[in-house]
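Subject: Structure handover

Hello,

Please find below the structure I said I would pass on.

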Amino acid sequence: LYHECKLIHADLSEYNILYCNESLYIIDVSQSVEHDHPQALEFLRKDCSNITAFFRKSGVCVMRVKELFEFVTDPTINKDNLDEYLQLAQEKAVACGITTAEEEVSEAVFQNVFIPRTLNE
């Protein structure tokens, strides 16, 4: 959605993802914003937080919110290296196990820090 359509869902949750025949379908995109919207990165951070929280509550080893955010926004990830990146991310998520207090603080800081859109901000 971010790279192909240049959109951010802006209200992504487990209720907006359908899984059928080994494919994901993202629905309810009427409120999506373009990636250059003034609040786009804040919306993306919230989307990442919602999805991470849902899967974590379901007992799935997941990336931290900041890692997922960086994955989505990383311009160097493409179809050629996506599988390799995801394999490494999955191994890291499984290895992390219990979150330390320092990691929780780092995650909380990322959730609340201002994300500048330009060098002037």
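Predicted model: local features only at pLDDT ≥ 70, side-chain atom pairs only at ≥ 80, totals over all residues.

Residues are numbered from 1 along each chain as its sequence is written, and side-chain values use heavy atoms, with hydrogens and water left out.

Salt bridges

The structure holds three salt bridges (a side-chain nitrogen of Lys or Arg within 4 Å of a carboxyl oxygen of Asp or Glu). They link Arg 64, Glu 67, Lys 92 and Glu 103 in a network.

Arg 64 pairs with Glu 103 at 2.9 Å, N to O. Glu 103 lies in helix α4 (residues 101-112) and Arg 64 in the loop between α1 (40-57) and α2 (65-73), so this pair ties together parts that are 39 residues apart in sequence. Helices here are DSSP runs of H or I with at least four residues, strands are runs of E with at least two, and both are numbered from the N terminus.

Arg 64 also bridges to Glu 67, where the closest N and O atoms are 4.0 Å apart. Glu 67 in turn meets Lys 92 at 2.9 Å, N to O. Lys 92 lies in helix α3 (residues 82-96) and Glu 67 in helix α2, so the pair ties together parts that are 25 residues apart in sequence.

As for exposure, buried means under 20% relative accessible area, exposed over 50%, and partly exposed in between (1.4 Å probe, protein chains only). Arg 64 is buried at 13%, and Glu 67 is buried too. Glu 103 is partly exposed at 26%, as is Lys 92 at 47%.

Helix α1

Helix α1 has 18 residues and reaches 26 Å from its first C-alpha to its last, close to the 26 Å expected (1.5 Å times one less than its number of residues). Its buried residues include Leu 44, Cys 48 and Thr 52. Just after α1, Gly 59 takes a positive phi of about 85 degrees.

Nonpolar core

The largest nonpolar core has 17 residues (buried Ala, Val, Leu, Ile, Met, Phe, Trp, Tyr and Cys joined through side-chain atoms within 4.5 Å). Among the members that touch the most others are Ile 8, Leu 44, Cys 48 and Leu 68. The elements that give two or more residues to this core are α1 and α2, and α2 gives the most, with five.

Regards
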